[in-house]
Amino acid sequence: MRYSREHKQETHDRIVKKASVRLREKGAHGIGVADLMKEAGLTHGGFYAHFDSREALVIEAFGYAMDRSMEHWRKLAGEAAPEKRLALIAESYLSTLHRDNPGHGCSIPSLGAEIARESPKTRKAFAGKLDEMIEMMTDYIPNMPRKAARKQAIATLATMAGTVLLARIAGSSELSDEVLKAGRDSALDGAKREPKATAAKKAKQN
(Lines give C-alpha, C1' and ligand atoms only; values in the text may rest on other atoms or scores of the structure.)
Protein backbone atom coordinates (compact mmCIF):
# COMPACT_ATOMS: atom_id res chain seq x y z
CA MET A 1 0.00 0.00 0.00
CA ARG A 2 1.40 3.40 -1.01
CA TYR A 3 0.99 6.18 1.55
CA SER A 4 0.76 9.88 0.71
CA ARG A 5 3.59 12.27 1.49
CA GLU A 6 1.39 13.91 4.14
CA HIS A 7 0.75 10.57 5.85
CA LYS A 8 4.46 9.77 5.85
CA GLN A 9 5.27 13.16 7.40
CA GLU A 10 2.60 12.69 10.08
CA THR A 11 4.06 9.28 10.92
CA HIS A 12 7.58 10.72 10.98
CA ASP A 13 6.47 13.51 13.34
CA ARG A 14 4.73 10.99 15.61
CA ILE A 15 7.91 8.93 15.92
CA VAL A 16 9.98 12.03 16.74
CA LYS A 17 7.48 13.20 19.35
CA LYS A 18 7.34 9.79 21.06
CA ALA A 19 11.11 9.46 20.93
CA SER A 20 11.64 12.93 22.43
CA VAL A 21 9.64 11.92 25.52
CA ARG A 22 11.20 8.49 25.94
CA LEU A 23 14.76 9.73 25.41
CA ARG A 24 14.30 12.33 28.16
CA GLU A 25 12.82 9.69 30.45
CA LYS A 26 15.20 6.80 29.73
CA GLY A 27 18.32 8.48 28.34
CA ALA A 28 19.91 8.35 24.89
CA HIS A 29 20.70 4.64 25.28
CA GLY A 30 17.89 3.61 27.59
CA ILE A 31 15.44 2.61 24.88
CA GLY A 32 15.93 0.83 21.56
CA VAL A 33 14.63 1.52 18.08
CA ALA A 34 12.22 -1.43 18.27
CA ASP A 35 10.66 -0.06 21.45
CA LEU A 36 10.34 3.44 20.00
CA MET A 37 8.67 2.14 16.85
CA LYS A 38 6.32 -0.04 18.86
CA GLU A 39 5.24 2.97 20.93
CA ALA A 40 4.52 4.84 17.72
CA GLY A 41 2.39 1.90 16.54
CA LEU A 42 4.84 0.82 13.84
CA THR A 43 7.10 -2.11 13.08
CA HIS A 44 10.86 -2.09 13.57
CA GLY A 45 11.33 -2.65 9.85
CA GLY A 46 9.69 0.66 9.01
CA PHE A 47 12.30 2.71 10.86
CA TYR A 48 14.65 3.23 7.93
CA ALA A 49 11.84 4.55 5.78
CA HIS A 50 11.96 7.62 8.05
CA PHE A 51 15.52 7.88 9.38
CA ASP A 52 18.97 7.08 8.03
CA SER A 53 20.21 5.97 11.45
CA ARG A 54 19.41 5.90 15.14
CA GLU A 55 21.65 8.95 15.53
CA ALA A 56 19.45 10.85 13.08
CA LEU A 57 16.39 10.11 15.21
CA VAL A 58 18.18 11.12 18.43
CA ILE A 59 19.26 14.44 16.91
CA GLU A 60 15.79 15.23 15.63
CA ALA A 61 14.08 14.10 18.83
CA PHE A 62 16.16 16.23 21.19
CA GLY A 63 15.90 19.14 18.76
CA TYR A 64 12.12 18.80 18.94
CA ALA A 65 12.26 18.71 22.74
CA MET A 66 14.41 21.84 22.96
CA ASP A 67 12.14 23.65 20.51
CA ARG A 68 9.16 22.82 22.75
CA SER A 69 11.03 24.25 25.76
CA MET A 70 11.71 27.49 23.90
CA GLU A 71 8.12 27.62 22.72
CA HIS A 72 7.04 27.37 26.36
CA TRP A 73 9.45 30.17 27.29
CA ARG A 74 8.05 32.42 24.55
CA LYS A 75 4.55 31.87 25.89
CA LEU A 76 5.63 32.74 29.45
CA ALA A 77 7.56 35.79 28.26
CA GLY A 78 4.55 37.04 26.34
CA GLU A 79 2.63 37.25 29.60
CA ALA A 80 5.17 39.35 31.52
CA ALA A 81 6.79 42.76 31.49
CA PRO A 82 10.27 42.79 29.87
CA GLU A 83 12.13 43.04 33.18
CA LYS A 84 10.24 40.05 34.62
CA ARG A 85 10.51 37.60 31.73
CA LEU A 86 13.73 35.85 32.72
CA ALA A 87 12.61 35.48 36.34
CA LEU A 88 9.30 33.97 35.21
CA ILE A 89 11.12 31.42 33.05
CA ALA A 90 13.45 30.53 35.94
CA GLU A 91 10.52 30.04 38.34
CA SER A 92 8.75 27.73 35.89
CA TYR A 93 11.93 25.78 35.15
CA LEU A 94 12.94 25.36 38.79
CA SER A 95 9.64 23.86 39.90
CA THR A 96 8.74 20.48 41.37
CA LEU A 97 6.56 19.88 38.29
CA HIS A 98 9.58 20.14 35.99
CA ARG A 99 11.79 18.13 38.33
CA ASP A 100 9.29 15.28 38.53
CA ASN A 101 8.45 15.11 34.80
CA PRO A 102 11.69 14.75 32.84
CA GLY A 103 9.91 13.26 29.82
CA HIS A 104 8.20 16.58 29.18
CA GLY A 105 10.94 18.91 30.38
CA CYS A 106 14.18 20.46 29.20
CA SER A 107 16.66 18.18 27.42
CA ILE A 108 19.75 19.69 29.04
CA PRO A 109 19.46 18.10 32.52
CA SER A 110 17.92 14.94 31.02
CA LEU A 111 20.37 14.28 28.20
CA GLY A 112 23.24 16.75 28.48
CA ALA A 113 25.81 14.43 30.06
CA GLU A 114 25.06 11.68 27.53
CA ILE A 115 25.10 13.99 24.52
CA ALA A 116 28.54 15.23 25.61
CA ARG A 117 29.81 11.67 24.95
CA GLU A 118 28.10 11.28 21.58
CA SER A 119 29.52 11.82 18.10
CA PRO A 120 30.74 15.26 16.94
CA LYS A 121 27.65 15.49 14.69
CA THR A 122 25.26 14.96 17.62
CA ARG A 123 27.18 17.34 19.88
CA LYS A 124 27.20 20.01 17.17
CA ALA A 125 23.44 19.75 16.72
CA PHE A 126 22.89 19.94 20.49
CA ALA A 127 25.27 22.91 20.77
CA GLY A 128 23.32 24.73 18.08
CA LYS A 129 20.07 24.36 20.02
CA LEU A 130 21.83 25.33 23.25
CA ASP A 131 23.03 28.53 21.60
CA GLU A 132 19.46 29.27 20.48
CA MET A 133 18.32 28.94 24.10
CA ILE A 134 21.05 31.25 25.31
CA GLU A 135 20.20 33.84 22.65
CA MET A 136 16.53 33.70 23.62
CA MET A 137 17.35 34.22 27.28
CA THR A 138 19.68 37.07 26.32
CA ASP A 139 16.75 38.74 24.55
CA TYR A 140 14.85 38.65 27.83
CA ILE A 141 17.47 40.68 29.72
CA PRO A 142 16.70 44.36 29.08
CA ASN A 143 18.78 47.48 29.78
CA MET A 144 22.11 45.70 29.46
CA PRO A 145 24.79 45.55 26.74
CA ARG A 146 24.36 42.43 24.60
CA LYS A 147 27.66 40.86 25.64
CA ALA A 148 26.94 41.30 29.35
CA ALA A 149 23.36 40.09 28.92
CA ARG A 150 24.55 36.93 27.13
CA LYS A 151 27.03 36.24 29.93
CA GLN A 152 24.22 36.53 32.49
CA ALA A 153 21.95 34.34 30.36
CA ILE A 154 24.59 31.59 30.24
CA ALA A 155 25.12 31.75 34.00
CA THR A 156 21.37 31.64 34.67
CA LEU A 157 20.78 28.70 32.32
CA ALA A 158 23.72 26.81 33.84
CA THR A 159 22.27 27.37 37.31
CA MET A 160 18.81 26.27 36.20
CA ALA A 161 19.93 23.09 34.41
CA GLY A 162 22.43 22.12 37.10
CA THR A 163 19.85 22.61 39.82
CA VAL A 164 17.27 20.38 38.12
CA LEU A 165 19.91 17.71 37.52
CA LEU A 166 20.99 17.68 41.19
CA ALA A 167 17.38 17.78 42.40
CA ARG A 168 16.56 14.72 40.28
CA ILE A 169 19.61 12.89 41.59
CA ALA A 170 18.38 13.55 45.13
CA GLY A 171 14.91 12.24 44.23
CA SER A 172 11.67 13.39 45.81
CA SER A 173 13.12 14.13 49.20
CA GLU A 174 13.90 16.98 51.56
CA LEU A 175 17.36 17.23 50.04
CA SER A 176 15.86 17.51 46.56
CA ASP A 177 13.52 20.27 47.70
CA GLU A 178 16.43 22.03 49.38
CA VAL A 179 18.51 21.89 46.20
CA LEU A 180 15.60 23.16 44.13
CA LYS A 181 14.99 26.09 46.48
CA ALA A 182 18.67 27.06 46.64
CA GLY A 183 18.97 26.97 42.86
CA ARG A 184 15.76 28.93 42.43
CA ASP A 185 16.93 31.63 44.85
CA SER A 186 20.25 31.89 43.05
CA ALA A 187 18.76 31.97 39.56
CA LEU A 188 16.11 34.51 40.50
CA ASP A 189 18.70 36.70 42.20
CA GLY A 190 20.72 36.66 38.98
CA ALA A 191 17.66 37.26 36.80
CA LYS A 192 16.64 40.30 38.86
CA ARG A 193 20.13 41.74 39.27
CA GLU A 194 20.63 45.12 37.67
CA PRO A 195 23.67 45.77 35.49
CA LYS A 196 26.32 47.83 37.27
CA ALA A 197 25.99 50.71 34.84
CA THR A 198 22.24 50.98 35.39
CA ALA A 199 22.58 50.71 39.18
CA ALA A 200 25.30 53.37 39.18
CA LYS A 201 23.17 55.68 37.03
CA LYS A 202 20.21 55.32 39.43
CA ALA A 203 22.42 55.97 42.42
CA LYS A 204 23.78 59.11 40.76
CA GLN A 205 20.26 60.35 40.03
CA ASN A 206 19.30 59.88 43.66
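Q: Surface patches here are made of residues with over 30% relative accessible area and no salt bridge, with like charges joined within 9 Å and nonpolar side chains (Val, Leu, Ile, Met, Phe, Trp, Tyr) joined within 5 Å. A salt bridge is a side-chain nitrogen of Lys or Arg within 4 Å of a carboxyl oxygen of Asp or Glu. Which residues form the negative surface patch?

A: This is a predicted model, where local features need pLDDT of at least 70 and side-chain atom pairs count only at pLDDT 80 or more, while totals for chains, interfaces and linings use all residues. Residues are numbered from 1 along each chain as its sequence is written, and side-chain values use heavy atoms, with hydrogens and water left out. Lys and Arg count as positive and Asp and Glu as negative, leaving out His and the chain ends, and a charge is placed at NZ of Lys, CZ of Arg, CG of Asp or CD of Glu. The negative patch is formed by Glu6, Glu10, Asp13 and Glu60.

Q: Which helix gives the most to that negative patch?

A: Helices (H or I, at least four residues) and strands (E, at least two) are DSSP runs, numbered from the N terminus. Glu60 is found in helix H3, residues 54–77. The most, with 3 residues, comes from residues 5–26, which is helix H1.

Q: Is Glu60 buried, partly exposed or exposed?

A: Buried means under 20% relative accessible area, exposed means over 50%, and partly exposed is in between (1.4 Å probe, protein chains only). The relative accessible area of Glu60 is 34%, so the residue counts as partly exposed.

Q: How much area does the nonpolar surface patch have?

A: Accessible areas come from the Shrake-Rupley method with a 1.4 Å probe, and for residues only the protein chains shown count as cover. Together, Leu165, Leu166 and Ile169 make a patch of about 300 Å².

Q: How many helices does the protein chain have?

A: Along the sequence, the chain reads α-α-α-α-α-α-α-α-α-α. Its C-alpha trace spans about 75 × 40 × 30 Å along the principal axes. There are 0 strands, and the number of helices is 10.

Q: Of the contacts with a separation of 6 or more, what share comes from residues 24 or more positions apart?

A: A contact means heavy atoms within 4.5 Å. Buried residues make up 40% of the 206 in the chain. For contacts with a separation of 6 or more, the share from residues 24 or more positions apart is 67%.

Q: How far apart are the centres of the positive and negative side chains?

A: The chain exposes about 12000 Å², and carbon and sulfur atoms supply 53% of that area. There are 35 positive and 27 negative side chains, and their centres lie apart by 4 Å.

Q: Which residue forms a salt bridge with Glu71?

A: A search of the whole structure turns up 11 salt bridges. The closest N and O atoms are 3.2 Å apart, and the partner is Arg68.

Q: What is the phi of Asn143?

A: Most residues other than glycine have a negative phi. Asn143 sits in the loop between helix H7 (120–139) and H8, and is exposed, with a relative accessible area of 63%. Its phi is positive, near 55°.

Q: Which residues does Thr96 touch, not counting those up to four places away in sequence?

A: Thr96 lies in helix H5, residues 96–99, and counts as partly exposed at 41% relative accessibility. Its C-alpha is separated by 23 Å from that of Ile134, 38 residues apart along the chain. The residues Thr96 touches are Asp177 and Leu180.
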